[in-house]
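Let's take a walk through this structure together. Keep the 3D view open and follow along.

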Amino acid sequence: MARIRAFENAAEEASRGGVAAFGASVSDAAFQPEVRGPLHLSTGQEGVAAGVCLNLATEDLITSTHRGHGHTLAKGASMERMMCELFGRATGFNGGKGGSMHIADFSVGMLGANGVVAAGMPIAVGAAHAIRIRHENRIVACFFGDGAVNRGPFLEALNWAKVFALPVLFVCEDNRWSATTATEAMTAGDGPLARAAAIGVPGLQVDGNDALAVHASSRVLIGKIRGGEGPQFLHAVTYRFKGHVSVDPAAYRDGEEVDRALQNDPLAALEPQVGAEALSIRNEAGAEVKRALAAAAAAPWPESAGAYTDIQHTGDGQWR
Amino acid sequence: MSYAEAGCEAVRAALRTDPRVVVLGEDVGRGGIFQQYKGLQREFGATRVIDTPISESTIMGAAVGMALAGLKPVVEMRVVDFALCAMDEIVNQGAKARYMLGGQARAPIVARMPIGLWRGSAAQHSQSLEAWFAHVPGLVVVAPATPQDNYSLLAAAMACGDPVVYMEHKELWALQGDVSSQRLPLGKARVVQEGSDATLVTWSRSVHTALEAAAGHSVEVIDLRTLWPWDRDTVLASAAKTGRVLVAHEAVQAAGFGAEIAATVAEELGVRVKRLGGPRIPVGYSRPLEDEARVSSQAIMAALKQLLS
């Protein structure tokens with residue numbers, strides 16, 4: 001969690017003056033921050049990524065969201081190569097082709113962040129279906145946000161997983177905000193867990209800012225999945241510390257709500273329980289992120305010719 | 001006034017004058033992610049400027065239903081890439097409603113879906129898919145290049161009575177220009193620069209790139225403004241005058257709308273034609289990769305030279 005926090009803080013810093021959304025001026029085209037694309041930070045949500053992924057083995061798979069740095073790190077991906085990707089460098093996981101929104105590291109079973117809300121859900125279900133067809137023992141953890149429960153693929157993916165009794169843990173990482181809109185105001189019924197229950201996918205709700213509780217709850221659910229009980233659902237309630245993207249000051253949120261949330265910092269809550277080691281963990285994370293920043297800044301840019309590779313085998317890279 | 005503000009003002013004027021106009025989409029209550037709805041919910045209330053769940057298919061499907069029941073919805077899709085989550089509702093439902101239902105109803109929907117490259121937005125937030133929609137009978141397709149046109153064409157789109165795919169370009173939001181309440185028809189191109197050696201047809205962000213390339217040359221630059229209906233008369237008259245036509249656009253060249261214009265000009269007049277669009281590659285995140293997807297003024301100039309040689 002300390003590594004995720006350190007990464008998010010550094011990425012945020014490196015993106016300052018980047019994509020100027022939310023009505024800010026886009027006139028200063030000459031200024032190029034190190035991280036220039038849209039950056040969705042998971043600051044404050046680290047407990048969900050860490051708590052769930054600690055129960056996964058390297059061969060298990062995950063799908064993620066546009067807010068996916070934490071999931072990627074927690075699944076065991078290299079911080080340095082992720083920073084390189086955010087910097088758009090050839091040494092990044094995607095060779096600079098994807099950036100923050102499309103981070104993937106197949107070597108640790110991270111099948112991809114995603115630029116489209118809920119799009120990872122059918123993909124996770126398909127991966128789990130492949131596992132079933134190939135008689136493998138691994139499982140899939142599917143991370144998605146609270147906004148995703150109002151898109152059609154949510155229903156279709158849960159139904160599919162249940163019908164085929166697939167080994168999927170659905171993790172609704174509920175940070176309360178759908179971009180700039182309060183999710184609660186836009187969501188009918190009794191919440192994600194009730195929707196899952198209606199499809200026959202059982203689950204648990206947990207305080208997503210209590211990393212140990214997330215770990216314990218997901219451990220129970222993953223045990224059921226590995227035991228052949230089919231898909232399970234974890235509703236982890238947390239809070240998005242930052243705006244929708246790094247340049248969004250999120251002034252549309254109630255100040256008191258934000259203050260309360262900042263008091264309920266999952267990292268600060270965990271550190272006393274870790275004890276004396278917490279400081280050294282934090283220092284190590286700080287040193288690691290510094291190395292990652294230095295490596296990314298020094299890394300080579302992708303060759304322009306790379307724009308024409310890895311598109312398709314038949315007719316790859318043709319202009320016309 | 002900026003291009004984004006001009007779009008906002010056009011919607012504001014329509015909300016003021018026509019009680020049937022409503023706005024619906026994600027985050028519109030906070031002005032939309034590009035502030036192209038700034039202040040509208042405060043002025044007109046949340047029942048007319050409607051915040052929605054992240055439910056693209058139902059945003060668009062509901063707009064079809066609203067339209068069939070007498071409203072004139074302005075739909076926010078964030079970026080054209082996300083409109084792909086609502087393709088059935090746009091293509092099979094909205095676009096077909098008038099014809100398929102025997103003319104009993106029309107679907108006066110304006111679906112705003114910004115296109116184009118925009119500073120590291122990568123493969124799922126950078127596409128220019130205007131040709132997809134121009135291919136579908138029943139849809140009007142508009143791609144304004146200036147603040148004035150964004151005001152006037154959005155006003156025309158909301159008034160036209162048929163479903164309109166309205167494509168603003170993300171790199172133009174901050175572009176400044178004088179904006180009046182000038183009325184413009186849909187389907188009428190603008191001759192931006194007169195010339196006699198060649199005709200350069202373009203639209204959206206590429207109009208500005210084309211003007212850089214054509215500066216100092218006797219090249220007639222035409223901003224098409226509307227892809228469907230497109231202004232054949234203006235293009236053909238210019239082509240007949242110059243005898244050479246280049247079509248340049250940011251969208252992928254292969255099967256792009258430039259092919260339609262080039263083919264039409266060749267069929268009608270038999271003059272020399274050339275197309276220039278983006279390479280058939282997904283848009284990369286990293287600067288050097290993104291730049292490969294960009295149709296630069298140098299590339300347009302090179303294509304013009306080839307055409308004139």
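Start with chain A of this predicted model: eleven helices and seven strands make it up.

Now look inside. Of the 320 residues in chain A, 55% count as buried. Next, take the contacts in chain A with a separation of 6 or more: 75% of them are between residues 24 or more positions apart.

Time to hop over to chain B and pick out a pair of helices. Two packed helices are described by the angle between their axes and the distance between the axes. Helix α3 of chain B covers residues 56-68 and helix α5 of chain B covers residues 87-94; their axes come within 7 Å and cross at roughly 25 degrees. Angles under 35 degrees count as roughly parallel, and therefore α3(B) and α5(B) are roughly parallel to each other. On the α3(B) side you'll find B:S57, B:M60, B:G61 and B:V64, which meet B:D88, B:E89, B:I90, B:Q93 and B:G94 of α5(B). Sorted by class, this contact has three nonpolar, four polar and two charged residues.

Finally, zoom out to where the chains touch. Chain A brings 41 residues to the contact and chain B brings 39. On the chain A side, these residues divide into 17 nonpolar, 20 polar and four charged.

Notes. Residues numbered from 1 in each chain as written. Chains lettered and ligands numbered in written order. Predicted model: local features only at pLDDT ≥ 70, side-chain atom pairs only at ≥ 80, totals over all residues. Helix = DSSP H or I, 4+ residues; strand = E, 2+ residues; numbered from the N terminus. Buried ≥ 20, exposed ≤ 12 C-beta atoms within 10 Å, placed from the backbone. Contact = placed C-beta atoms within 7 Å. Axes fitted to C-alpha atoms, helices over the stretch in contact; angles between N-to-C directions. Parallel < 35°, antiparallel > 145°, perpendicular 65-115°, else oblique. Nonpolar A, V, L, I, M, F, W, Y, C, P; charged D, E, K, R; others polar.
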